[in-house]
Amino acid sequence: MEWNFQTAEELAAALRAGEVTSAELTDEAIARIERDDKAINAICVPDFDRARAAARAADQARARGEDRPLLGIPVTVKESYDIVGLPTTWGIPLHRNYLPAEDAVQVSRLKTAGAVVLGKTNVPLGLQDVQSFNEIYGTTNNPWDHGRTSGGSSGGSAAALACGFGALSIGSDIAGSLRTPAHFCGVYAHKPTLGLAANRGMVPPPGPALPTDPDLAVVGPMARTARDLTLLLDVMAGPDPLTLGVAHHLTLPPARHERLRDFRVLVLDEHPLIATGAAVRAGVNRVADALVYAGARVERHSPLLPDLTEAALLYTQLHFSGAVARFPVEAYEQFRTLAAALSADDRSLGAVRLRGMVFSHRDWIEANNRRELHRHDWRQLFAEFDAVVCPITPTPAFPHDHNPDPTKRRLDIDGVEYPYLDQLVWAGVATMPGLPATAVPAGRSPEGLPVGVQLIGPMFEDRTPLRLAELLEQRIGGFQAPK
C-alpha cells in the first residue's frame, strides 16, 4: 500500500492495528524524499539516521503497549525551530553552522507525542518573505509548477506535505507564513490564536531561546486534512512550562457548531487597499456557495466589520516596527532618513511600512491601543457571526522573483501590477488582532494552481474555524496530490 499520502489519522489507526510499522512508514517517506525532492528542494536539512532510530523506538514502544497521539508518524519541522544536532540558520549565511543546545518546546512536544522527525524544511532569509529561498539552501519550488514559489516563510513545509514527505509539519506565522504556503501548495494550515502555542526555541540564531511572547507571531500546524490540523494543534497548544504553564492549564472550548447549516458566516472578497484576483475570488465564492447550499447563514456585508483600511495600516505599523528591530543601527538610520523625506500626504502602504520601521515606543503604544479597540470590535462581530471567510493573498502562487529589494518587486493581479508587499494585508486581517485562522483548499485556478481561503474565528475558539474547515472539506473536497 502507498502510505505517503495517507492522513496522520489514518496512519495512526494503521499503526495501532498492526497493518504497518513506523520503520516501514519512515523508510517509505525517506525513499520518496530521496526520489522526488531534488526537483522541489523542500527538505533542506535531512535527519534520516535519527528518524530511522526514532521509528524503531516507536515500534518498540507500541509493542510495550504505549499509545501516544503521534506515535510512529513521520513529520517535518520548519528550519527555524531549534533541534539538537541540526543547524538552525533562518537562512542567514552568518549562522550556517549554528547548533542549538536544546530542542524548541514544540519539537519536544512532537517527540513526546511520539512523532518521527524526518528533517527540517526550507525558509526565506530571516523568515521575511512570501517565498522560500536563501543563500544556504537554495530555492523551494511549488510542487504544482516548479517555476513558481511554494510560498513563505513555511514554504518548505507546505511543499513537503504536498509531495508526501511526511504526514504533518509545524511552521510559524506573522504575515501569513503558515496560510500563504498552504494556499499556494493546496494543503491545510492553522494560525492559532496569539499566545495559544508556546514558541520558545523558534528564535533567530544564535538565540538565546527564552520563553518570550513576540508580538503578532505564532507557531502552528500544517497538514493535508482539517482533522489532522486539530490532531497536531492538540499536541502544540498550551503555555510554556517555564512561564504561564507553571500555573495555567489549557482547555479550548468546543466548536460552536457541529453542522454546516448552523454556522453564521461573513464572506469577504474585496479589500479597500488591493484588488482580488479572479482565481482567488472564485475560490471564496466556491466556499460561500457550499455554505449557502448547506443552509448556513451567509452574509456579504456587516456594519460590525472593523475598518479594513485602518486594520491594514495598524498591522503594517506593528509588523514592520518589529521586523526591523534586530537590524543594524546603520540600517535603522537609513530608514529614518528615508522616512523623514516622505511627503506628509503620502499614505501609501509603502510609506506606512517605512514610518513603522522607525516607530518610537510612544508610537507603538498608540498603535497597540488602537489594536485593542479593533479586538473589541471583533468580539462584537463574533457575537453575530461564527467565522469570516476571506482571501489569504490576492493571487495563486506567482513566479519566482528573487530581486534582493522587495520594494522593487511587483505582484501581477489580473494584468495590473501592485507593490509586492501590499499582498500582506489579507494575512493581517487575522494577525493584527491575534485571531485564529484556518487555511483550506478551495479549488484550482484556470492554470491548475491551488487556491485557498482562510476561515477566521473568535479568539481562543480555534476549534470553531477548524470544525468549519472539516465540514467544508467534506462538502467541496480538500487536498489533491500534484500530478
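Trainee: Is glutamine 480 buried, exposed or partly exposed?
Mentor: Glutamine 480 counts as partly exposed because its relative accessibility is 47%. Buried means under 20% relative accessible area, exposed means over 50%, and partly exposed is in between (1.4 Å probe, protein chains only). This is a predicted model, where local features need pLDDT of at least 70 and side-chain atom pairs count only at pLDDT 80 or more, while totals for chains, interfaces and linings use all residues. Residues are numbered from 1 along each chain as its sequence is written, and side-chain values use heavy atoms, with hydrogens and water left out.

Trainee: Thanks! Where is glutamine 480 found?
Mentor: Glutamine 480 sits in the segment after α14. Helices (H or I, at least four residues) and strands (E, at least two) are DSSP runs, numbered from the N terminus.

Trainee: And what does glutamine 480 touch?
Mentor: Not counting residues up to four places away in sequence, glutamine 480 touches Trp144 and Arg444. Contact means heavy atoms within 4.5 Å.

Trainee: How much of the chain's contacts join residues at least 24 apart?
Mentor: Among contacts between residues at least 6 apart in sequence, the share is 76%.

Trainee: Let's zoom out. How many helices and strands are there in the chain?
Mentor: The chain has 14 helices and 17 strands. Its C-alpha atoms fill a box of roughly 70 × 55 × 50 Å, taken along the principal axes.

Trainee: Can we pick one helix? Which residues are buried in α10?
Mentor: Ala331, Phe335 and Ala339 are buried in α10. They cover an arc of only 75 degrees around the axis, which puts them on the same side of α10. The arc is that of the directions from the helix axis to the C-beta atoms.

Trainee: Why do residues three or four places apart point the same way?
Mentor: An α-helix has 3.6 residues a turn, so residues three or four places apart point the same way.

Trainee: What about the other side of α10, which residues are exposed there?
Mentor: Val329, Glu330, Gln334, Thr337 and Ala340 are exposed on the other side of α10. As for the buried residues of α10, what covers them includes α11 (349-357).

Trainee: How far apart are the end C-alpha atoms of α10?
Mentor: They are 16 Å apart, which agrees with the 16 Å that the 12 residues of α10 (residues 329-340) should span at 1.5 Å a residue. The expected span of a helix is 1.5 Å times one less than its number of residues.

Trainee: New topic: how many disulfides does the count come to?
Mentor: The count comes to 0 disulfides, where a disulfide is a pair of cysteine sulfur atoms within 2.5 Å. The closest cysteine sulfur to that of cysteine 163 is in cysteine 185, at 7.9 Å, too far for a bond. Cysteine 390 is in no disulfide either, as its nearest cysteine sulfur, that of cysteine 185, is 19 Å away.

Trainee: Is cysteine 390 buried or exposed?
Mentor: Cysteine 390 is buried, with a relative accessible area of 0%. Cysteine 163 is buried too, at 11%.

Trainee: Last one: which peptide bonds are cis?
Mentor: One of them runs from glycine 152 to serine 153, with omega near 10 degrees. Serine 153 is in the loop between β7 (145-149) and α5 (155-162). Another cis peptide bond joins proline 205 and proline 206, with omega about 5 degrees, and proline 206 lies in the loop between β9 (188-191) and β10 (218-223).
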